[in-house]
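The paragraphs take the sheets in turn, then the core, then the chain as a whole.

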Amino acid sequence: MVERATLADVGDADTLSEAARARLAEHLSHFLKPKLADNSIRCPSCDAPLWHGGGVLDALCSTFRWGLVHGDGFCGRCRWPVRFYHYLQLDDGERRIVFPLAYRCFRKGTDEEIDPASERARGLEDAEA
Ligand SMILES: [Zn+2]
């Protein structure tokens, strides 16, 4: 079962208007529930630390890499796609939220969602081949 990001993953979503909460919930529905461990956001597929919240640890250890599209990137270890900048129309205008959320991914040409845990196993097999 692949879990989606929801309003429960956003700390102060209850302070927003009903309309802003609806826009935020729709935006979040495109992403996986963030996986937190060891004071970092983990890659849903390979469990590498994507982000520690900024600073030296990120410079040294984080696997997030920027891509070609503004605000988008990927895990530098397994290449799972990640959006880091989120532009949202909230109650006080458009805001940029900086937070890595991994995209939900689907098999090409289908609505079959890819379970990042199964991709982890497959990716490791590929790496060893
Ligand atoms: Zn990864």
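β5 and β6 run antiparallel and are joined by three bridges. Two strands count as paired if DSSP finds at least two bridges between them. Strands of a sheet pair through backbone hydrogen bonds, either parallel or antiparallel.

Residues are numbered from 1 along each chain as its sequence is written.

What does β6 pair with besides β5? Strand β6 (residues 81-90) also pairs with strand β7 (residues 93-102), in the antiparallel sense and over eight bridges. V82 has A102 in β7 as its bridge partner, and L90 stands opposite G93 in β7. β6 and β7 form a hairpin too, with two residues between them. These strands belong to an open sheet of four, in the order β4-β5-β6-β7, with antiparallel pairing. Its edge strands are β4 (64-66) and β7, each of which pairs on one side only. On average, neighbouring strands of this sheet are turned by 30° against each other, direction ignored. For such angles, axes are lines fitted to C-alpha atoms (for helices over the stretch in contact), and angles run from 0 to 180 degrees between N-to-C directions.

There is also an open sheet of three strands, with the order β1-β2-β3 and antiparallel pairing. β1 (35-37) and β3 (49-51) stand at its edges with a single partner strand each, so one side of each has no neighbour in the sheet. The twist from one strand to the next averages 50°. β1 pairs with strand β2 (residues 40-42) over three bridges, in the antiparallel sense; there, K35 has R42 in β2 as its bridge partner.

Where is D47? D47 lies in the loop between β2 and β3. D47 counts as partly exposed because 17 C-beta neighbours lie inside 10 Å. A residue is buried if 20 or more other C-beta atoms lie within 10 Å of its own, exposed if 12 or fewer, and partly exposed in between, with C-beta atoms placed from the backbone. D47 and C75 are 28 residues apart in sequence, yet their C-alpha atoms are 9.7 Å apart in space.

Leaving aside neighbours within four places in sequence, C75 is in contact with C43, S45, C46, A48, L50, T63, F64, W80 and V82. Contact means that the C-beta atoms of two residues, placed from the backbone, lie within 7 Å. The largest nonpolar core has 17 residues, of which F31, C43, L50, C75, W80, V82 and A102 touch the most other members. At least two residues of this core come from each of α1 (18-28), β3 and β7. A nonpolar core is a set of buried Ala, Val, Leu, Ile, Met, Phe, Trp, Tyr and Cys residues joined through C-beta atoms within 7 Å. In soluble globular proteins, nonpolar side chains tend to be buried together.

Now the chain as a whole. The protein chain has three helices and seven strands, in the pattern α-β-β-β-α-β-β-β-β-α along the sequence. Its radius of gyration is 15 Å, close to the 14 Å of the globule rule for 129 residues, so the chain is as compact as a globular protein of that length. That radius is taken over C-alpha atoms, and the rule is 2.2 Å times the number of residues to the power 0.38. Of the 129 residues, 22% count as buried.

The protein chain averages a pLDDT (the predictor's confidence in each residue, from 0 to 100) of 89, and 91% of the residues score at least 70. Where pLDDT is low, the predicted coordinates should not be read in detail.

Note on methods. This is a predicted model: local features need pLDDT of at least 70, side-chain atom pairs count only at pLDDT 80 or more; totals for chains, interfaces and linings use all residues.
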